[in-house]
Amino acid sequence: MKQIAGVDEVTDDDFEAEVVRAELPVLVQFTAEWCGPCRQLAPVLGEIAAERDGRLKIVQLDVDRNPKTTIEYGVLGTPTLMVFRDGEPVRSMVGARPKRRLLEGLADVL
């Protein structure tokens with residue numbers, strides 16, 4: 001998976017520490033190497049990470065390499081975006097969308 005500035009990769013092993021126990025709200029992109037819409041969404045997430053630095057953490061989880069977390073949160077398609085606050089998922093969206101629509105969809109949970 002191509003790294004995006006400001007967007008870290010998480011795994012089954014560190015999901016609990018990096019997402020569930022995070023102090024900031026965390027936007028998780030459940031993604032896959034073969035997912036075209038995921039690649040389209042990547043630069044958008046990078047922009048949001050830069051703009052919201054210190055207020056929002058953004059991470060990616062590869063669904064193929066991390067089946068435990070993918071199954072635990074019922075992710076059936078990619079890209080799935082899930083916002084976690086205080087260890088709990090508070091919003092889930094499936095599919096890529098333009099930055100403006102993505103921010104509108106997240107406005108009440110960020």
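Me: Which residue does the disulfide join to Cys-35?

Reply: The model is a predicted one. To read such a bond, one looks for a pair of cysteine sulfur atoms within 2.5 Å. Here Cys-35 is joined to Cys-38, with an S to S distance of 2.2 Å. A search of the whole structure finds one disulfide.

Me: Why is the disulfide of Cys-35 and Cys-38 right-handed?

Reply: The handedness follows from the torsion about the S-S bond, which is about 80 degrees for Cys-35 and Cys-38, so this disulfide is right-handed.

Me: Is Cys-35 buried or exposed?

Reply: Residues under 20% relative accessible area count as buried. Cys-35 is buried, at 3%, and Cys-38 is likewise buried, at 3%.

Me: How many aromatic pairs does the count come to?

Reply: Rings pair if their centres lie within 6.5 Å. By this rule the count comes to three aromatic pairs. In one of them, the rings of Phe-15 and Tyr-73 have centres 5.5 Å apart and planes at 45 degrees, so the pair is tilted. Phe-15 lies in helix H1 and Tyr-73 in the loop between helix H3 and strand E4, so their pair ties together parts that are 58 residues apart in sequence.

Me: At what angle do the planes of Tyr-73 and Phe-84 lie, and what is the pair called?

Reply: The planes of Tyr-73 and Phe-84 are 85 degrees apart, with 5.1 Å centre to centre, and the pair is edge-to-face. Phe-84 lies in strand E4, so this pair ties together parts 11 residues apart in sequence.

Notes. Residues are numbered from 1 along each chain as its sequence is written. This is a predicted model: local features need pLDDT of at least 70, side-chain atom pairs count only at pLDDT 80 or more; totals for chains, interfaces and linings use all residues. Side-chain values use heavy atoms; hydrogens and water are left out. Buried means under 20% relative accessible area, exposed over 50%, partly exposed in between (1.4 Å probe, protein chains only). Rings of Phe, Tyr and Trp (its six-membered ring) pair if their centres lie within 6.5 Å; planes under 30 degrees apart count as stacked, over 60 as edge-to-face and the rest as tilted. Helices (H or I, at least four residues) and strands (E, at least two) are DSSP runs, numbered from the N terminus.
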